Amino acid sequence: MPTNHDYVLHNCDHYDGHRYNHLDKRKYGDGADICIVGSGAAGGVLAYELSKAGFEVVVIEAGPFWNPQTDFASDELSMQSLAWNDTRLVAGSDPLGMGHNNSGRGVGGGTVHFTGVFYRFHESDFRVKTLDGVADDWPITYQDLEPYYEKIEKDIAVSGPKHFPWGPFQGPYPYPEREPISANAQVFREGCERLGIRSTVAPLAILSAPFDGRPPCINRGFCNQGCKPNAKFSTLIHHIPKAIGHGAEVLSDCMVTHVKVDKSGEVEGVTFVHDGKEYFQKAKITILSAFCIETPRLLLNSACPQFPDGLANSSGMVGKELMTHSGHDIFAKFHDEVRLYKGTPVLAVSQEFYETDASRGFVRGYTFNAHGARPLGLAKNLVSKAGIWGQKLYDIMRDYNFHAQITLVGEVLPDKNNTVTLSNEKDEYGMPRPVVTFSYGGNDNKLIAHAVQKANEILTAAGGQPSFVTPDTGHLMGTCRMGNDPSTSVVDHSCRSHDIPNLYICSAAAFVTSGGCNPTETVMALAARTADHIIEEAKKL
Amino acid sequence: MQEIRTRYPGYDILKEEDHWDEHTREIVLKRLGPFPEHKFLKHHEAQMIFTIAQHIVYDHRKEILDYVLHHMDNTLSSPVGEDQRKTGTPEQKVLIREGLKAIDKLAKKQYGPPFLEISIEQQLSILTALHKGLAPPMKEWQTIPQKALFKKLATTMVSAYYSHPTVWSEIGYGGPAYPRGYVRVERGLTDPWEAKRDANES
Ligand SMILES: Cc1cc2nc3c(=O)[nH]c(=O)nc-3n(C[C@H](O)[C@H](O)[C@H](O)COP(=O)(O)OP(=O)(O)OC[C@H]3O[C@@H](n4cnc5c(N)ncnc54)[C@H](O)[C@@H]3O)c2cc1C
Ligand code: SF4
């Protein structure tokens with residue numbers, strides 16, 4: 001193990017002017033207005049907005065408070081530690097890869113090792129039942145989120161094209177698009193051009209010029225290993241430090257194991273474990289922003305005589321309708337080098353196949369991201385997902401530099417059989433390990449087949465020879481869905497639980513459908529909207 | 001097996017180490033050894049892992065395989081979780097330990113001698129069968145799913161192999177790139193320090 005790991009000097013309690021490696025000097029030890037569980041995309045935004053509005057906010061985070069300079073490395077293997085490595089049990093006919101593939105742990109959550117591709121959902125994403133007769137409509141519309149999309153983009157200086165040809169927002173983005181783009185992105189755009197498919201430079205939560213004391217991207221390509229220069233946004237470097245400036249307290253390396261309900265049926269606070277010892281955090285309002293596996297696990301594990309099926313679960317929908325995106329990687333080999341390691345991983349995209357097109361034989365659609373790859377990630381996917389090993393693997397990897405890659409982000413429809421439940425196996429905290437069950441449905445598989453063929457056409461048009469496809473998934477959504485009907489959903493249009501008025505659930509877990517693009521801008525817009533709702537509600541008191 | 005291993009014979013990524021940040025350099029250079037004694041793997045298990053790794057990564061070089069072995073031992077002795085595990089599959093420590101025993105038993109059953117003493121073709125045929133889940137029936141496979149065993153062995157080995165700087169040099173990967181980053185990222189362009197192909201190669 002490297003000797004100079006810092007984790008912000010191994011402290012676990014952080015507030016303005018103070019950092020402690022123990023929990024004896026807690027700022028809000030006697031209680032806070034708001035307790036947020038999880039400091040990822042949603043938790044970070046909520047902490048910032050609510051502390052800025054004057055609430056006493058405490059954020060409790062299971063993982064470390066990273067120091068990008070000393071904890072991050074330009075290395076794939078060692079940076080797998082940024083992920084939620086605790087074992088989850090997986091089942092179903094298409095069992096999901098967890099860990100680095102979709103789950104972050106530590107201050108910043110998934111935003112620390114995400115790729116930074118930053119999309120708004122389209123209007124249709126919120127109305128799939130009305131438009132396509134599948135799944136359900138969201139209890140909010142695109143227009144409800146629009147001001148928050150705009151705010152988030154400004155807050156973190158999203159870079160992107162002057163004109164974005166798809167969906168209701170057509171640009172321009174606050175910061176100029178990235179330039180130059182990588183060879184892989186050029187190949188993609190050339191292929192698209194030849195086929196008459198529109199493509200653009202990617203909208204990114206990555207700086208194209210200095211902003212807020214942070215430098216522009218230096219194209220090192222290690223976004224999934226944590227950005228050392230701080231050119232890529234994360235809530236670790238943006239929202240959380242600002243929240244601390246506004247008075248918030250962050251408890252890191254603290255795993256919440258229980259949400260406690262009082263006699264009146266309201267949440268009293270949460271129990272958490274630090275260094276093997278149990279603590280309690282009291283709060284008037286509790287917000288769970290612990291993503292799509294840990295949120296339902298926590299709610300189910302908090303079952304009590306008043307709520308024997310778990311908290312906020314009168315609908316039985318806690319842990320149901322887990323979604324991912326189909327994320328197949330499609331590769332072609334070229335005569336000249338492409339060098340997939342260079343540059344920000346995603347620099348060109350297309351949403352030409354985003355909306356439902358009846359002639360394709362399936363509903364909904366997908367996004368294509370021209371996507372970089374690094375040796376470990378590629379070789380590991382080849383062996384574990386495509387079953388390629390030995391000389392064949394070696395032959396492909398020797399020509400690593402000659403491959404181009406397109407990655408699919410395909411909508412996956414919600415299905416009640418895709419679930420997070422509790423197993424009989426216990427983890428180090430004595431909590432039951434989750435069982436994550438996932439299988440693709442018929443529509444999902446037709447969409448994948450269409451996308452793989454289209455991607456191969458694009459790569460072929462660019463002069464490549466289709467070489468292999470690694471089936472993959474990206475992102476998680478759902479398990480505590482929003483809705484107007486308390487009998488079929490967990491939270492309302494403001495992410496407040498139907499059953500317990502001072503309990504909010506705000507993260508990707510609240511999604512009703514997955515959309516056909518990377519989800520984090522929508523997670524953050526939802527969080528900013530929930531914060532506004534809490535601020536407005538407080539004014540009424 | 002040592003045919004043309006690289007299109008970049010003149011490229012040595014370690015020559016760039018002065019341009020890497022200190023944290024990354026420390027991590028990468030440790031992969032060159034020397035390695036501490038194994039904490040989990042017993043002698044016979046280590047020999048089997050070493051031999052299986054030769055087939056999985058298609059390489060014989062001891063200095064690289066020793067790192068692969070070290071990584072396997074580190075993984076199996078670490079308290080860190082394994083991200084995901086299929087229901088019905090035992091913890092990785094048990095999967096590998098009991099799995100290696102089952103592989104030895106299978107070798108004896110099919111060919112007479114234990115795994116390390118059968119021919120390369122026979123070893124490969126066992127690995128191929130495990131990969132497909134088609135090894136001859138044995139009661140062990142009820143608790144040690146063949147495909148899960150193969151996948152755990154292979155992904156752990158491949159992860160280490162493609163993290164070794166010698167392999168990075170051979171595939172022409174740029175490796176660590178902080179604080180320097182890349183200036184010339186477009187098609188056909190390279191920064192002066194990147195891997196260049198042999199001029200004679202088409
Ligand atoms: C490799 C990778 C690439 C990605 N690329 C993109 C991309 O390009 N674009 C995009 O839009 N999205 C991308 N994503 C997805 C993105 O990371 C997620 O959508 C986003 O982080 C979800 O936000 P969240 O707030 O719901 O959860 P998270 O950000 O995951 O935050 C949850 C936090 O809760 C903490 N937590 C969980 N349980 C507990 C507990 N019991 N006690 C205390 N704390 C707890 C976790 O440690 C974590 O920090 C990527 C993800 C990965 C893994
Ligand atoms: S490519 Fe840019 S944003 Fe990504 S890690 Fe490197 S410097 Fe950061």
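This is a predicted model: local features need pLDDT of at least 70, side-chain atom pairs count only at pLDDT 80 or more; totals for chains, interfaces and linings use all residues.
Trainee: Let's start with one residue. Where does A:Met323 sit in chain A?

Mentor: First find the element a residue belongs to. A:Met323 is part of strand E11, which covers residues 320-326.

Trainee: Is A:Met323 buried or exposed?

Mentor: For that you look at relative accessibility, and under 20% means buried. A:Met323 has 0% relative accessibility, so it counts as buried.

Trainee: Which residues does A:Met323 touch, leaving out those up to four places away in sequence?

Mentor: Look for stretches of numbers in the list. A:Met323 touches A:Val412, A:Leu413 and A:Pro414, and also A:His475, A:Leu476, A:Met477 and A:Gly478. Then come A:Phe511, A:Val512, A:Thr513 and A:Ser514.

Trainee: And how many residues apart in sequence are A:Met323 and A:Thr200?

Mentor: They are 123 residues apart in sequence, and in space their C-alpha atoms are 27 Å apart.

Trainee: On to the ligands. How many residues surround ligand 1?

Mentor: A shell is read by listing the residues around the ligand. Ligand 1 has 40 of them, and the closest are A:Ala42, A:Glu61, A:Val117, A:Ala508 and A:Thr520. By type, the shell splits into 16 nonpolar, 21 polar and 3 charged residues.

Trainee: Which elements of chain A each supply at least two residues of that shell around ligand 1?

Mentor: Helix H2 (41-52), strand E8 (255-261), helix H8 (291-301) and helix H12 (520-540) each do.

Trainee: How does the shell around ligand 2 divide?

Mentor: Into 7 nonpolar, 3 polar and 2 charged residues. Among the residues around ligand 2 are A:Cys217, A:Cys223, A:Cys227, A:Arg220 and A:Lys232.

Trainee: Now chain B. How many helices and strands does chain B have?

Mentor: For a whole chain, count the elements and then read their order. Chain B has 7 helices and 1 strand, running α-α-α-β-α-α-α-α from the N terminus.

Trainee: What share of the residues in chain B is buried?

Mentor: Buried residues make up 52% of its 202 residues. The accessible surface of chain B is about 9300 Å², with 54% belonging to carbon and sulfur atoms.

How values were computed
Residues are numbered from 1 along each chain as its sequence is written. Chains are lettered from A and ligands numbered from 1 in the order in which they are written. Side-chain values use heavy atoms; hydrogens and water are left out. Helices (H or I, at least four residues) and strands (E, at least two) are DSSP runs, numbered from the N terminus. Buried means under 20% relative accessible area, exposed over 50%, partly exposed in between (1.4 Å probe, protein chains only). Contact means heavy atoms within 4.5 Å. A residue is near a molecule or strand if one of its heavy atoms lies within 4 Å of it. Ala, Val, Leu, Ile, Met, Phe, Trp, Tyr, Cys and Pro count as nonpolar, Asp, Glu, Lys and Arg as charged, and the others, Gly among them, as polar. Accessible areas come from the Shrake-Rupley method with a 1.4 Å probe; for residues, only the protein chains shown count as cover.
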